[in-house]
Amino acid sequence: MNKIEGKAWIFGDDINTDLMYPQICYTLPEKEKPHHAMEANRPGWASSVRNGDIIIAGKNFGTGSSRPAADNIKNLGISCVIAESLNGLFLRNSVNSGLPSLEVHGISGIVKEGNIVAIDFSSNTVMDKETGKVMKFKPLPAFLMEIIDNGGIINILKNKGLLGPPL
């Protein structure tokens with residue numbers, strides 16, 4: 001993956017996994033779960049998200065438990081998460097899901113909701129295409145990008161023949 005481009009959705013600090021994957025999701029069929037993402041703090045948000053959209057967030061995005069929050073927002077159509085800082089457990093779950101998540105200090109001060117954001121992984125830059133403002137980010141290690149590029153850890157294990165048939 002070299003580039004991602006999508007509409008920005010802005011969230012604040014301390015967005016926890018309970019918001020991304022609320023309790024009701026445990027009882028729903030897979031295809032219905034993403035429609036409940038963030039409904040406690042942004043009712044109706046999930047129905048406005050389109051494939052390729054990007055979350056821009058403040059500090060400590062993904063705090064909380066190891067709920068499959070990254071899977072849920074990826075399945076909703078989110079193509080990338082960019083935050084001032086990411087909870088470590090969320091970051092690894094995100095990578096394992098094949099959802100790129102980046103820390104870009106100062107990002108929440110330059111991107112406005114609804115603007116188109118372009119992420120270039122070859123130059124390690126994020127650009128708000130409406131304002132032209134560009135920020136650099138520290139690239140994810142190559143082994144993590146390999147997991148993301150393959151659509152997640154399960155796909156890598158399947159491709160290498162390391163997963164048996166479902167029970």
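Q: Over the ring of which residue does the charged end of Arg42 sit?
A: In this predicted model, local features need pLDDT of at least 70 and side-chain atom pairs count only at pLDDT 80 or more, while totals for chains, interfaces and linings use all residues. Residues are numbered from 1 along each chain as its sequence is written, and side-chain values use heavy atoms, with hydrogens and water left out. A charge sits over a ring if NZ of Lys or CZ of Arg is within 6 Å of the ring centre and within 35 degrees of the ring normal. The charged end of Arg42 is 5.1 Å from the centre of the ring it sits over, which belongs to Phe11.

Q: Is Phe11 buried or exposed?
A: Buried means under 20% relative accessible area, exposed over 50%, and partly exposed in between (1.4 Å probe, protein chains only). Phe11 has a relative accessibility of 5%, so Phe11 counts as buried.

Q: How many aromatic pairs does the structure hold, and what is the geometry of Phe11 and Trp45?
A: Rings of Phe, Tyr and Trp (its six-membered ring) pair if their centres lie within 6.5 Å, with planes under 30 degrees apart counting as stacked, over 60 as edge-to-face and the rest as tilted. The structure holds 5 aromatic pairs. For Phe11 and Trp45 the ring centres are 5.2 Å apart and the planes lie at 85 degrees, so the pair is edge-to-face.

Q: Which residues form one aromatic cluster?
A: Trp45, at 3% relative accessibility, counts as buried. The aromatic cluster is formed by Trp9, Phe11 and Trp45.
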